[in-house]
Amino acid sequence: MKVQLVNIGKKYEGRENFTIRHIDLEIDDKEFCVILGPSGCGKSTLLRMIAGLNSITEGDLLFDGKRMNKVEPKDRDIAMVFQSYALYPHMTVYDNMAFSLKMRKDKKTVIHERVTEAAELLQITEYLYSKPSEISGGQRQRVALGRAMVRKAGVFLLDEPLSNLDAKLREHMRVELVRLHKSLDTTSIYVTHDQTEAMTMATKIVLLDQGKVQQMGKPSEFYETPANLFVAGFIGSPTMNVFHGTMKDGLFSSDDGLVSVEPGPADKDKLASHEGKKVALGIRSERFIAGESDKNQITVTIDVIEMLGKEQLLYCKLSNGKECVISEPGYFRYTVDEDHKFHFDPKGLHFFDEETTSRIN
Ligand code: ADP
Ligand code: MG
């Protein structure tokens, strides 16, 4: 099913301002769309409007072109999985999964077929007759997914379904969810505050901040061409290094005078209109190259080294104490508390207008 949001806004009763506003979004059939953003930015509000659990203050919600604003949740052809997925403790896994189908009086044979099919996909067949208390957290999360899957809805809505799991299981479930999405072939809308989940699972990301869309597109676009400083800071781990400065005679100079950069040919043209203006330079940790160079070089003191195996993160300080993070392959041994020289890969530079915070294109 195709889901469209046209100029959608939500103002909660008793609140002065809109919680979210002017959201335009098209989610194609079978897409895996992730709504991403910091806590409190309005993700759940948006998802609950799609589900029909929150009323829509303004704008239109369309499913396959049909306006859904006033349609009851049960008639919307959706299934939802929440972060707190309370299962009925006195019921078996089977009965938990069958519950909503029983309530809508589906035939016993249909219910059995759906439950066993979902259980197989989720690899919980052997627990079908266990109680929730007898299975692990990860298995319970699968039951919650199964409970939604059996409904065979046109849209699958998930609100932070992995945030109660430990890190290892979360990593595992990310892959499982992508596999599941492939085999279900259903439009999925997934809410999370975790940029890694968004980057690894989405076919489309919508990044919200304070109820407004900051950027929309494929994960790679977020990484390679962040639309503004907020996106640049939100996507990617470690966080992008940002230096604040001014463009002068085609060169970027940081305000503290410690970073001077000559942009590559492509960036030079774009920056021509910013001569004399305040500009922020962003550079990801992996875009530093070890060693001296006749230009685009910085000197840092390595403060802390995080050895991650295949790579190491070098937490550095410039001579004025400003911090920056550099990632290097894991095999080289760096010494802490000594000066090291690195230079910038000119292809890895991001420039932003300080006034608007927008990317300079
Ligand atoms: P997120 O899911 O991104 O963390 P929410 O959509 O839950 O954010 O909340 C967005 C904002 O809306 C928050 O400021 C929150 O306090 C407010 N909010 C959420 N639900 C209600 C409600 N029922 N009534 C009033 N304000 C609400
Ligand atoms: Mg939420």
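**View 1. K74 is an exposed residue, with a relative accessible area of 65%.** This is a predicted model. The side chain of K74 meets that of D75 in a salt bridge, at 3.4 Å from N to O. D75 counts as partly exposed, at 47% relative accessibility.

**View 2. E262 and K295 are joined by a salt bridge.** The closest N and O atoms of E262 and K295 are 3.4 Å apart. By the rule applied to the model, the count of salt bridges comes to 19. Among them are the pair E262 and K295 and the pair K74 and D75.

**View 3. The largest nonpolar core has 44 residues.** L36, M97, V115, L145 and Y190 touch the most other members of this core. With neighbours within four places in sequence left aside, L145 is in contact with V81, L122, F156, L158, M173, L177 and L180. Another core, of 28 residues, lies apart from the largest one and includes I27, I35, I56 and F63. In soluble globular proteins, nonpolar side chains tend to be buried together.

**View 4. The chain is assigned two domains, domain 1 (3-227) and domain 2 (241-353).** The C-alpha centres of domain 1 and domain 2 lie 39 Å apart. Four residues from domain 1 and four residues from domain 2 take part in the contact.

**View 5. Between them, domain 1 and domain 2 bury about 350 Å².** Carbon and sulfur atoms account for 49% of this buried area. On the side of domain 1, the residues that lose the most area to domain 2 are Y223, E224 and P226, which together make up 90% of what that side buries. By class, the side of domain 1 that touches domain 2 has three nonpolar residues, no polar residues and one charged residue.

**View 6. Polar contacts occur between domain 1 and domain 2.** Two residue pairs are in polar contact between the domains, both at pLDDT 80 or more.

Definitions and conventions:
Residues numbered from 1 in each chain as written. Chains lettered and ligands numbered in written order. Predicted model: local features only at pLDDT ≥ 70, side-chain atom pairs only at ≥ 80, totals over all residues. Heavy atoms only, no water. Domains from an automatic or database assignment. Contact = heavy atoms within 4.5 Å. Buried area = accessible area lost by both parts, 1.4 Å probe. Polar contact = N/O pair within 3.5 Å; in protein donor to acceptor, adjacent residues only side chain to side chain. Nonpolar A, V, L, I, M, F, W, Y, C, P; charged D, E, K, R; others polar. Core = buried A, V, L, I, M, F, W, Y, C linked by side-chain atoms within 4.5 Å. Buried < 20%, exposed > 50% of the residue type's maximum accessible area, 1.4 Å probe, protein only. Salt bridge = Lys/Arg side-chain N within 4 Å of Asp/Glu carboxyl O.
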